[in-house]
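Here is a short report on ring pairs and helix packing. Please view the structure first.

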Amino acid sequence: MSVLESLRCPLSFLRTALPSIPHLELLESEQQWWSTAALPISSAIDRAGTPWVRSFSATGARIDEILYPAEYYTILRRGYRAGVIWRALEEKSLLPSYLLIHLISFHDPGICCPYTVSLGTALPLSKYGSADVQSRFLPHMLKNDDSVWQGATWMTEIDGGSDLGAGVKTVARPAGDRWLLTGDKYFASNAHAELAVAAARPEGAQPGVRGLALFLVPRFRAGGSLNFFIRRLKDKIATRSVPTGEIELRDSEAYLLGSADSGIYLILEVLNISRVANSVVSVALAQRAIADALAYAERRVAFSKRILDHPLLHHQFESRLAGLRSAFALAWESVRLLDQVWLERPPYSDRYHLFRLVAHLAKYWTAEFAVDTAKWAMEVHGGLGTLAEFGVERWLREAMILAIWEGTSHRQILDGLEVMERKQAHKLLFAHLANSALAGEARELASEIERLLHLPVERKEVQAEPLFRRLALFTASALSHSPSA
Ligand SMILES: Cc1cc2nc3c(=O)[nH]c(=O)nc-3n(C[C@H](O)[C@H](O)[C@H](O)COP(=O)(O)OP(=O)(O)OC[C@H]3O[C@@H](n4cnc5c(N)ncnc54)[C@H](O)[C@@H]3O)c2cc1C
């Protein structure tokens, strides 16, 4: 199969990019199903728009039920059954989850949001929940049938998601063996999940991010009534199958994960999981956009030949493909490193700091690449690219969200600078790439980074982006040429 040909199928692409793939048979059958049964459902849900919420029953009881086309559950539950969550804990490896996420998001990038936030709930619960809390809640998340519970990760409030230290106003009060949370979450994806992890500040805790703690919040109170309310759902440009809502926590029962004074580390661990997933989804989306553009360019004729055969466009396809392969190498390195460090607890090893830098580079670069590639794929379709009926414009809508949630590109750059400054993670990165990277270019980049890190704060931030981008591209390129890639 030619490399260009492998674009049409996520599994074929994975085979060209990875030396070995666990659970190949499973992935083959999932690929077969998603490319046939799921596609029309996913497109119909995107066209139908946001799900809706029924707040009250016919007799006036508050129920906050989210309503979807019934087929939505067919595709959603498929991924849970295949093992996007349960395999991570049963096999003590995140690779199957992220392989499934790549494969599924080629067909429907939005549906990987529920999988990601469920992973972002199950893993911290398994690491930091007390024995009692784990035994009550975790088994429900690890079911491999349709009774599986979903998770959600709720940090952002109305005052802002980038600056969580100032933005999180939700307060936690101790109440015996549990806590009571009061506050409002402004962007709460998977709003009807049975469990969520939420950031809140215990009463009297210090201001800023260091005063935040992470809590597990069930959908129902111990007595069976609703534990939080869905004020409304967001009407979004994409990820339309996912109910992203505003959540009202009102003395909502919650269970502390870890200790109250280590909450910011746990919150970052949750973000690590979703940033890596975001990178994988971004690459799969870019692959899909290129594949759609390829299918069109093979059929469309201009100036007496297929547009694909015009040298300018053909060259663009080749460079998109090269970009895709290096973006994949970067994203997958963040998966590999996360797989090595996700069981660590603070204080973390150097491997963890290396992972963090790679994850920031990957989240930043793959999302930028996805947006740019989705825009290019529309252009390849000419005017048709702008028509909702042909679906290619959807990839740009979906990609725009990938660049924003889980921390915007600005946030990735600034957090990347921080881990270089505080943990010298750039040195760890250059050592990590020593066998694969061009030594001269690495030395030049290393000295430019040192110079940047020694600038006064304002100048450092003004000058950060071009260098961060170069570092991302350099890392991606080195990894894609590495023998193990
Ligand atoms: C569809 C969707 C679903 C979401 N689901 C969830 C969810 O389930 N859970 C959750 O917790 N959050 C969720 N979010 C929220 C998301 O994480 C935030 O939107 C994101 O972190 C940015 O926060 P903000 O929107 O408040 O923007 P702000 O933080 O207000 O930022 C506005 C702009 O200012 C920039 N900026 C901020 N600070 C700086 C700085 N120091 N230097 C340079 N630029 C800066 C930002 O990069 C951004 O461009 C979701 C968002 C979307 C769009």
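How many aromatic pairs does a search of the whole structure find? The search finds 18. The model is a predicted one.

## Phe-317 and Trp-376

Take one pair in detail. The ring centres of Phe-317 and Trp-376 are 5.0 Å apart, and their planes stand at 75°. Planes over 60 degrees apart count as edge-to-face, so this pair is edge-to-face.

The pair links distant parts of the chain. Phe-317 sits in helix α10 (residues 311-341) and Trp-376 in helix α11 (residues 350-380), 59 residues apart. Phe-317 and Trp-376 are both buried.

## Phe-430 and Phe-474

Phe-430 and Phe-474 also form an aromatic pair, and this one is tilted. Centre to centre, the rings are 6.1 Å apart, with 55° between the planes.

Distant parts of the chain are linked here too: Phe-430 lies in helix α14 (residues 425-432), Phe-474 in helix α16 (residues 457-480), 44 residues apart. Phe-430 is buried, as is Phe-474.

## A ring cluster

Tyr-265, Tyr-348, Tyr-352 and Phe-355 form a cluster, linked by ring pairs.

## Helices α5 and α6

Helix α5 (residues 95-107) and helix α6 (residues 112-128) have axes that come within 10 Å. The axes cross at roughly 165°. That makes α5 roughly antiparallel to α6, because an angle over 145 degrees counts as such. The crossing is left-handed.

Which residues make the contact? From α5 come Ser-97, Tyr-98, Ile-101, Ile-104 and Ser-105. From α6 come Cys-112, Tyr-115, Thr-116 and Leu-119. By class, the contact of α5 with α6 has 6 nonpolar and 3 polar residues, and no charged ones.

Definitions and conventions: Residues are numbered from 1 along each chain as its sequence is written. This is a predicted model: local features need pLDDT of at least 70, side-chain atom pairs count only at pLDDT 80 or more; totals for chains, interfaces and linings use all residues. Side-chain values use heavy atoms; hydrogens and water are left out. Axes are lines fitted to C-alpha atoms, for helices over the stretch in contact, and angles run from 0 to 180 degrees between N-to-C directions. Helices (H or I, at least four residues) and strands (E, at least two) are DSSP runs, numbered from the N terminus. Angles under 35 degrees count as roughly parallel, over 145 as roughly antiparallel, 65 to 115 as roughly perpendicular and the rest as oblique. A crossing is left-handed if the near helix is turned anticlockwise from the far one by less than a right angle, and right-handed if clockwise. Contact means heavy atoms within 4.5 Å. Ala, Val, Leu, Ile, Met, Phe, Trp, Tyr, Cys and Pro count as nonpolar, Asp, Glu, Lys and Arg as charged, and the others, Gly among them, as polar. Rings of Phe, Tyr and Trp (its six-membered ring) pair if their centres lie within 6.5 Å; planes under 30 degrees apart count as stacked, over 60 as edge-to-face and the rest as tilted. Buried means under 20% relative accessible area, exposed over 50%, partly exposed in between (1.4 Å probe, protein chains only).
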